[in-house]
Structures are given as C-alpha cells and as structure tokens.
Amino acid sequence: MRMPRELDCGIKRLCATIGLAALIGLISPDAHATGGLSISNPDGAAVRALVIGIDDYQHVRKLKGAVADATDIVTSLKSMGVGDVVVLTNAQADRASILREISSLVERTKNNDLIFLSIAGHGTQEPERVKGSEPERDGKRVPAARL
C-alpha cells in the first residue's frame with residue numbers, strides 16, 4: 001500500500017530534521033528521553049524551539065499536511081528532551097502571534113542557546129529566471145523545499 005503524499009513528505013522532513021541534528025552533534029543515543037534519543041546543546045546551554053504549521057488559509061488553497069508536520073516535529077522534539085517548545089497552528093499563527101513569539105524567544109535566549117525554527121505552510125513558485133538553473137523532476141520544476 002502506498003503512503004499518502006502528505007504523510008510521505010512529512011516523514012521525510014522529520015527524518016531530515018533528526019538527521020541534521022545528529023549530524024551536527026545535538027542528538028545523543030544514551031539519552032534519558034523516552035525514545036532513546038535526546039537533543040542537547042554541546043555547550044550545555046538550552047535548546048529552544050518555535051514550530052509553526054498552517055493548513056487553513058483564507059485566500060489560497062488549504063493544505064492537508066502542514067499542521068500534521070508541525071505536530072510531528074513538536075512530538076519528536078519533546079520526546080528528545082527539548083522543554084522549551086512553542087507551537088502555533090492555523091489561526092494561532094497570525095502575523096502578530098508569530099512576531100510576539102519570535103520576540104519572546106529572543107528574550108529567553110542566552111549565549112550559546114540553540115534555536116530550532118520550523119515553518120510548515122504554503123510556498124510559492126516563480127518563473128525560472130535563468131534557463132536550466134532550477135532542478136526538474138519528470139519534466140516539472142521542483143521547488144527547493146522538495147529537493
């Protein structure tokens with residue numbers, strides 16, 4: 001059975017996030033977190049996260065996977081021991097709330113803290129400005145976020 005495209009993309013993004021964290025040395029396999037992995041700052045400072053997911057738009061096509069992606073990321077971060085996680089979804093993720101949470105995150109952040117920012121939502125495509133400069137898959141231009 002084939003996995004729905006939205007779920008497949010979400011799993012790929014989550015795996016890429018965990019892989020990136022492991023690559024830069026933030027994930028420790030001998031952790032106290034439930035899943036056996038934890039994210040910690042090598043300098044001993046805090047790890048903080050702001051996760052945004054928007055499916056429900058007023059003036060453009062609604063999405064079906066951005067909030068689920070954000071939820072998966074929040075669950076993963078918390079299971080790996082990140083305590084300072086703020087999530088904004090759909091109506092909560094208006095301009096004022098996003099700016100307020102970014103300001104609050106900046107105020108809480110100390111030297112050497114690590115910040116994780118995830119934004120799942122609509123992107124846009126623009127015409128290729130230099131012929132051949134954008135990657136293609138099956139004859140169609142592939143947005144950078146899907147490479």
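Q: Which residues make up the largest nonpolar core here?
A: This is a predicted model. Its largest nonpolar core has 11 residues. They are Ile-39, Val-47, Ala-49, Val-51, Ala-70, Ile-73, Val-74, Leu-77, Met-80, Val-82 and Val-85.

Q: Which elements give two or more residues to this core?
A: Strand S3 (47–53) and helix H2 (66–79) do.

Q: And where does the largest share come from?
A: From H2, with four residues.

Q: Why would residues like that group together?
A: In soluble globular proteins, nonpolar side chains tend to be buried together.

Q: OK. What does the second core include?
A: The second core is separate and has eight residues. Among them are Leu-50, Ile-54, Ala-93 and Leu-105.

Q: New topic: the sheet. In what order do the strands run, and is the sheet's pairing parallel or antiparallel?
A: The order is S4-S3-S5, and the pairing is parallel. These three strands form an open sheet.

Q: Which strands stand at the edges?
A: Strand S4 (84–89) and strand S5 (114–120). Each has a single partner strand, so one side of each has no neighbour in the sheet.

Q: How much twist is there from one strand to the next?
A: The average is 10°.

Q: Back to S3 and S4. How many bridges join them?
A: Six, in the parallel sense.

Q: Which residue in S4 is opposite Val-51?
A: Val-87. Val-51 is also one of the residues in the largest core.

Q: Last one. Which strands does H2 touch?
A: H2 packs on the sheet and touches S3, S4 and S5. The direction of H2 makes about 165° with that of S3.

Terms used: Residues are numbered from 1 along each chain as its sequence is written. This is a predicted model: local features need pLDDT of at least 70, side-chain atom pairs count only at pLDDT 80 or more; totals for chains, interfaces and linings use all residues. Side-chain values use heavy atoms; hydrogens and water are left out. A nonpolar core is a set of buried Ala, Val, Leu, Ile, Met, Phe, Trp, Tyr and Cys residues joined through side-chain atoms within 4.5 Å. Buried means under 20% relative accessible area, exposed over 50%, partly exposed in between (1.4 Å probe, protein chains only). Two strands pair if DSSP finds at least two bridges between them. Axes are lines fitted to C-alpha atoms, for helices over the stretch in contact, and angles run from 0 to 180 degrees between N-to-C directions. Contact means heavy atoms within 4.5 Å.
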